[in-house]
Structure formats: C-alpha cells, structure tokens
Amino acid sequence: MAAAEFIIGASKPEQFPAETVPEIAFLGRSNVGKSSLINRLLNQKGLARTSATPGCTQAIQFYRVEGGWMFVDLPGYGFAKAPRDFVRSWKDLIESYLTTRQSLGLCLLLLDSRRGWMEMDLELKDWLQHWQRPYAVVATKFDKLKTQRDRSESMAALGKGDPTHTPLTFSALSGQGVREIWQAISTIKTNRP
C-alpha cells in the first residue's frame, strides 16, 4: 500500500494543482463508495472523507500518492443533499476537470454492484468514450451480494451495460479487488505535459 497526503479540495479550475504526475479519477454516483475505495487502496482509513449521507464530497479532492500518482476524488452525481445551484456547479467543475487535464491517465467508474448500470452511469460512460478518456469499471459493495447466484447475476448485468470492460469487483469491508485495481492503475499511460 502506498502512503498519501491530501493536497487540496478544489472548487474551481484555477485551484487544480500543477500537472506533474499521472492522475487517477474516481467517478460515480453519490454514495457509491469512491472515498472508501481511495481509503482502502491506500490503507489509510479516514484520508478521504466518507459519509452515509450522499453528496459528502463537494469539491474535487486531490491526494498525492507515494510512487508518483495523484488520486482525484470527484463529487458524486445523482441524489445529493445540496442545493441545485451547488449541484450544477459541481457538474461544470467535473466537466472542466475531465476535459482539460492532460495528466489524467485513468478514470475509475464506480457502480454499486447491487444496482448495476443506471441512466446517469451510462451517460457518463458514453461521455468518457466520446472524449476518449481511458476508464475501468469497478463494481463496489460486492460483499453485500450474499449468494453466488446474486454475484453471477450482478456481473452478467454489468457486462451487458458495457461489454468492452470486465468490471473489477471491490469490497471496502474485505479488501477484495484492491490488488486488481492497483494492477489497472499501474498499467496506465498518460499524456503528461
């Protein structure tokens, strides 16, 4: 596991840090487990703030990771306990980040394995493909699927939503999938300036 430190919570593009290392962006619906995944990958409980309340992450959070990476936790989309104007500004901020960062090496698109692809997830996937942003699909909360049948049905449904990407399964509770996600991260190429 790599050590990491919080750099900045950017609420406008001018606050984005200089592009010096490859960046890994964590994207997904509110409360899908982006911050939990970051904490588990880095084995640093509490580094990225988690909450049972959707919409906890309200700025783009940058974390410098030992070994030459930047993890970037983006605000979730969908239901969030925040005023509409704030949610609209998050969308603009996220779009600015995703379209302008030369150092963005990989987007991790997180889906709740119990719910599968939802309309907003499919829109984001199509958007990433349109902008030719490399991405991997991560099925979170996999431990909450109790039977092998549930797990098999979830994987089949996730595969139909994006036949080009086999989802990586993840459990924040057990750590399942951490090694495979690190493998995906370590193979990225970037167009660093």
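Helix H5 spans residues 178-186, and the buried residues in this helix are Val178, Ile181, Trp182 and Ile185. These residues cover an arc of only 100° around the axis, which puts them on the same side of H5. The arc is that of the directions from the helix axis to the C-beta atoms. An α-helix has 3.6 residues a turn, so residues three or four places apart point the same way. Buried means under 20% relative accessible area, exposed means over 50%, and partly exposed lies in between (1.4 Å probe, protein chains only). Helices (H or I, at least four residues) and strands (E, at least two) are DSSP runs, numbered from the N terminus.

The model is predicted: local features need pLDDT of at least 70, side-chain atom pairs count only at pLDDT 80 or more, and totals for chains, interfaces and linings use all residues. Residues are numbered from 1 along each chain as its sequence is written, and side-chain values use heavy atoms, with hydrogens and water left out.

The secondary structure of the chain comes to 5 helices and 7 strands. Along the sequence, these follow the pattern β-β-α-β-β-α-β-α-β-α-β-α. Of the 193 residues in the chain, 48% are buried. The accessible surface comes to about 10000 Å². Carbon and sulfur atoms account for 51% of that surface. Accessible areas come from the Shrake-Rupley method with a 1.4 Å probe; for residues, only the protein chains shown count as cover. Contact means heavy atoms within 4.5 Å. Among contacts between residues at least 6 apart in sequence, 75% join residues at least 24 apart.

The 7 strands form an open sheet with mixed pairing, in the order S1-S3-S4-S2-S5-S6-S7. The edge strands are S1 and S7 (168-169), and each pairs on one side only. Two strands pair if DSSP finds at least two bridges between them. Strands of a sheet pair through backbone hydrogen bonds, either parallel or antiparallel. S3 and S4 run antiparallel and share 5 bridges. Valine 65 has tryptophan 69 in S4 as its bridge partner.

Strand S2 (residues 23-28) has 6 of its 6 residues buried, so it is largely enclosed by the rest of the structure. In a regular strand the side chains alternate between the two faces of the sheet. Both faces of S2 are covered. Glu23, Ala25 and Leu27 are buried on one side, and Ile24, Phe26 and Gly28 on the other. S2 runs parallel to S4 (residues 69-73), and 4 bridges join the two. Phenylalanine 26 has aspartate 73 as its bridge partner in S4. S2 also runs parallel to S5 (residues 104-112), here with 6 bridges. Leucine 27 stands opposite leucine 109 in S5.

Lysine 34 lies in helix H1 (residues 34-42). A salt bridge is a side-chain nitrogen of Lys or Arg within 4 Å of a carboxyl oxygen of Asp or Glu. Lysine 34 is buried yet has no salt bridge. The nearest side chain of opposite charge is aspartate 73, 5.2 Å away. For charge, Lys and Arg count as positive and Asp and Glu as negative; His and the chain ends are not counted. Leaving aside neighbours within four places in sequence, the contacts of lysine 34 include Phe26, Leu27, Asp73 and Leu110.

By the salt-bridge rule, the count comes to 8. Glutamate 5 forms one with arginine 64, the closest N and O atoms being 3.2 Å apart. Glutamate 5 lies in S1 (residues 4-10) and arginine 64 in S3 (residues 60-65), so the pair ties together parts that are 59 residues apart in sequence. Glutamate 5 is partly exposed, at 42% relative accessibility. Arginine 64 is also partly exposed, at 41%.

Glutamate 19 and arginine 101 meet in a salt bridge of 3.9 Å, N to O. Glutamate 19 lies in the loop between S1 and S2, and arginine 101 in the loop between helix H2 (84-100) and S5, so the pair ties together parts that are 82 residues apart in sequence. Glutamate 19 is partly exposed, at 24% relative accessibility, whereas arginine 101 is buried, at 4%. Glu19, Glu23 and Arg101 are linked in a network of salt bridges. Aspartate 112 and arginine 114 also meet in a salt bridge, at 2.8 Å, N to O. Aspartate 112 is buried, at 9% relative accessibility, and arginine 114 is partly exposed, at 38%.
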